[in-house]
Structure formats: structure tokens, C-alpha cells
Amino acid sequence: MLLTITTTHRPATDLGYLFHKNPAKCQTFELSFGAAHVFYPEAGDDRCTAALLLDVDPVGMVRGGVRFREGLLDQYVNDRPFVASSFMSVAIAQVFGTAMGGRCKERPELVKTPIPLTARISVLPCRAGPEFIDRIFGPLGYAMQTTRHPLDEKFPQWGESPYYTVELAGTRTLGELLTHLYVLIPVFDHHKHYYVGDDEMEKLLAKGAGWLASHPQREAITYRFLKHAPSLARQAIAQLEQEDVPAGAEPDADAPKVGEPDDREVSLNEQRIGAVLAALRAGGAKSVLDLGCGEGNLLRELIKDKQFERIVGLDVSIRSLEHAAERIKLDRLPMHQKDRVKLLHGSLMYRDKRLDGFDAAAVVEVIEHLDPPRLVAFERVLFECTRPGTVVLTTVNREYNSLWEGMILEPASAGRPAITKLRHPDHRFEWTRDEFQTWAKTIAERFGYAVRFLPVGPEDPNLGPPTQMAIFTKTTGGKA
Ligand code: SAH
């Protein structure tokens, strides 16, 4: 399966900077379902093309435990290696994640500049007919060329296949084009047996922010995503999630990875949990929600304290919930404890009645994982619908990053603070103390809460603490 992206912007070889991949090199990245090769079939000043070639290994997938629904033969003979599918989205995210996120140190201005781009998807499966391709990509303003392939070139009488070569041309930022491909390619694929994990699903929708809501086919697109959700195979999730960004694939490769906090984060983590527990205890809460509970760091401590009679952890990632269940030994809890502790799969972006009626909620290091355009949804779900008496929320203090070695991108100068890396590849933003407090005060006012702030971790006189915590206390009973 081949995806190429061509530009005629001059000098066209700038495409290499935007992709963070050198046009002179052919690079290979091992993914959980095969290999992704990146190379440039042409790289001149007038025209440059980057190619992403996916080499999906169907036999390896079977050995790796992925189940195919259609039977034994289908395990070995299927179209997975040849068509653009959710695999392509996963590869785009893993190999071109920085470009999709619109980050480029060498050409920061070019990232934001729309340039002429043509994407060519060599084989897109579309059983709904060519009109469906138009309906999906057309509203985004691309000029399209679609070529349908016969079932077999040697036997034209067999008729047409459901496979197309699709070319999309437009003047776009590379980030926009990659985001559209990332979200829309899986929409065409009917296969359910192998798909991205639930938190990836959340990310798919997050990537639609700003354009999906106004897309005339938004329901078809969303339906086709959600249709896949019930059939997520455990093995598929495990296989996909186990491989994070491939080592060396991205310039941020030296940043701490998911599930791999470095030492400074380990002890800070303990201090954070301690501070959150203290705030929950002081508020007198008997029932507590741990929203975005991750692998259960806080849950484990809550369970030890008898003050907390009802404890619910919620997370969007099934894999994290599985870890949390193991960590708190959920299946070995004595009978009387079983009703006390529950884990829920869900998203903080959607109203969820299961979260109603709790005294307090902890939201620990979660907000910075949410896409800024979707914060509004989160705010309403938590402070307007769920509305616990107390909310204890922590997040990174970005200012503190410059005290850590290797985090500075540009040192402070002439009153401007240092520009630093984000602490984690999945962070969508990191707030300064000012930004966090302004946000929290606005929320408190809007929804009828009082708010106070506490530092967590060693405080620097100029840059503050590494973690910042806000404690919201409900002042009005009604809905805002
Ligand atoms: N609170 C935990 C985990 C923090 S990591 C701790 O302090 O250890 C952030 C967590 O938020 C991840 O587990 C992630 O899956 C979860 N998350 C991200 N977006 C979410 C959403 N929309 N709804 C619920 N959980 C989400």
C-alpha cells in the first residue's frame, strides 16, 4: 500500500523539513503490523514527492493473535496488505506525527503556509461507489481524480472492483492534508477485525476538530468510526498500542514516552498523588471519581483509605483500565470491597450519567491530553453535568520545564520566557501558572464554584512548582 505526497512549492525539497525525513534517505520503521518505508521517488527544486510504503504482514498478524472473521483462508489471503485502511492512519500518526501536528523547527513559517500539495492513495477500497469518495473528500475543497480498477485486468468481463486510485490536490498546510487522510482513510474500510484502539478513536474525533462538524457527511463519517468500536479485538488493541512512536522516527524521540516516565516524574508522581489525596480528604468526600484514572496510581491509594466509601475510575483507554484492574487487583477484592470500587470505560467529552451524584472528582494530569477545541465539551461535562461538590485538578506548569536538562528549545531572552519542549509526546498543550489560573477562575465563575491553587513539588522562586493544582468547591447547587 503506497501513499505519495507531492509538492510544487519552491524549493520543493522543503518537503523534507516538513516531514522531518531527509529526502536523500530511505528509512524504515517497524510497526506492530508490519513495516513502513519512507522515501522520496523525486526530490528537485520544482517538484518533490514523499512516499509512505506500508508493508503489512498478514501472516505475522495471524501469528501475533489477530483474529480474522471470515475464516481460515481469509487469514492468509486478504486485501490488508494492498489497500489503504486503518493501518495507514496508524502509520501516518506514528511516522508523520510531528508533521501532522504542524511542528517544524527548521521551517516554522512553512508549517503554517498553505502550499500546493497532491496526495495519491494508490488503492482505496470503496464498496459504496465512486460518488462516496466525492462526498467525503469533495466538501474539503480538494480537486479529485479517481480511477476505478477492474477486478482483473486480464478478464475485463469480470467487471469492476471496489478499489480505486485517488488523487487529491489542493493548497493546504501539510498538517491539514495529513489530518484529513488520517481521519478519512479508515472511513472507507469495511473491515472491523483490526482497528485502532479506543483512545485512538478519541484522537480520530479530536483530529476532526474544526472541520468535521461542518462536513455534510459528518454523520456517515462518525457512524463509520463508531461502528468499529464494539468489535475491537483485545489482541488488536494490545498489538497496536504496544508500539508507540517507533524509536528514532520523530525528532522528539528523546522525550519521555508513554508508560515510561523518567526518574524526575516518578517522585513527582508520588507527591502529586499525596497532594490530591490530602485535598480529597480535607473536603470530606465519601464518594470519589478518578477521571482519566490511567493505570490506577490514585485509585490504589484511595482504596486504602476507609473515608472513601465509593470509588470510580474512568478512562478512555481500555488498555489503561486493564492495567488499573491488575494493579488494584480488582478481581481479587473481597466481596464488600467489590461494590466499593468500579472501573468505567468512557470519555470525558460526553455526558455520562454514571458519573452523577459524587462528592468529589480528581482529574490528575489529564487536561493537557485533551485537544484545546474540545476543552469546552470537557468543561461542561464536568462542571455543568457531573457537578461534584469538589474537583481537584492538576496539570503541568510549563514554566518549570526550563529547569530540566534537555527541555530548552530556545533560552529566555529580553523578558521573553524560554521556549521548551512539552513533557510528553501526547500533551496537546502545557499551561503557565497564569494561563492555568485564568482558565480555572473563568470556569469557577461560569459554573458556580470557588477555586484555590496549591503548588505540588519543589517550588522555584521564579518559575513556580513543577505541577499546579486547583481545588474547586461548589458554591451554588443548581446547574450553570
Ligand atoms: N490520572 C492518571 C493518568 C494520567 S495520563 C495519573 O495521574 O497517573 C492521562 C490519562 O487520561 C490517560 O490514561 C488517558 O487515557 C486519559 N484520557 C485522555 N483523554 C481522555 C478522555 N477524553 N476521557 C477520559 N480519559 C482520557
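1. A residue is called buried when its relative accessible area is under 20%, exposed when that area is over 50%, and partly exposed in between, with a 1.4 Å probe and protein chains only. R47 is partly exposed, because its relative accessible area is 42%. E42 is also partly exposed, because its relative accessibility is 28%.

2. The model is predicted, and local features need pLDDT of at least 70, side-chain atom pairs count only at pLDDT 80 or more, while totals for chains, interfaces and linings use all residues. Residues are numbered from 1 along each chain as its sequence is written, and side-chain values use heavy atoms, with hydrogens and water left out.

3. The side chains of R47 and E42 form a salt bridge, with N and O 3.0 Å apart. A salt bridge here is a side-chain nitrogen of Lys or Arg within 4 Å of a carboxyl oxygen of Asp or Glu. By this rule the count is 17 salt bridges. D371, D426 and R428 are linked in a network of such bridges.

4. Another salt bridge joins the side chains of E167 and R120 (3.4 Å, N to O). E167 lies in strand β7 and R120 in strand β5 (residues 115-125), so this pair ties together parts that are 47 residues apart in sequence. Helices (H or I, at least four residues) and strands (E, at least two) are DSSP runs, numbered from the N terminus. E167 counts as partly exposed because its relative accessibility is 26%, and R120 is partly exposed at 36%.

5. D305 forms a salt bridge with R281, and their closest N and O atoms are 2.5 Å apart. The pair links distant parts of the chain, 24 residues apart: D305 is in the loop between α13 (297-304) and β9 (310-315), and R281 is in helix α12 (residues 263-282). D305 counts as buried, because its relative accessibility is 15%, whereas R281 counts as partly exposed at 38%.

6. The ligand is surrounded by 17 residues, the closest being G292, N297, D315, L348 and V364; a residue is near a molecule if one of its heavy atoms lies within 4 Å of it. By class, this shell has six nonpolar, eight polar and three charged residues. Ala, Val, Leu, Ile, Met, Phe, Trp, Tyr, Cys and Pro count as nonpolar, Asp, Glu, Lys and Arg as charged, and the others, Gly among them, as polar.

7. A polar side-chain atom of D315 lies 2.6 Å from an oxygen atom of the ligand. A polar backbone atom of L348 is 2.9 Å from a nitrogen atom of the ligand. The protein covers 85% of the 570 Å² of accessible area that the ligand has on its own. Such areas come from the Shrake-Rupley method with a 1.4 Å probe; for residues, only the protein chains shown count as cover.

8. Helix α8 (residues 174-184) is mostly covered, with 10 of its 11 residues buried. Among them are L174, G175, H180 and Y182.

9. F33 is found in the loop between β2 (27-31) and β3 (34-43). F33 counts as buried because its relative accessibility is 2%. F33 and L54 are 21 residues apart in sequence, and their C-alpha atoms are 9.5 Å apart in space.

Methods
A polar contact is a pair of N or O atoms within 3.5 Å; within protein, one must be able to donate a hydrogen and the other to accept it, and residues adjacent in sequence count only if both atoms are side-chain atoms.
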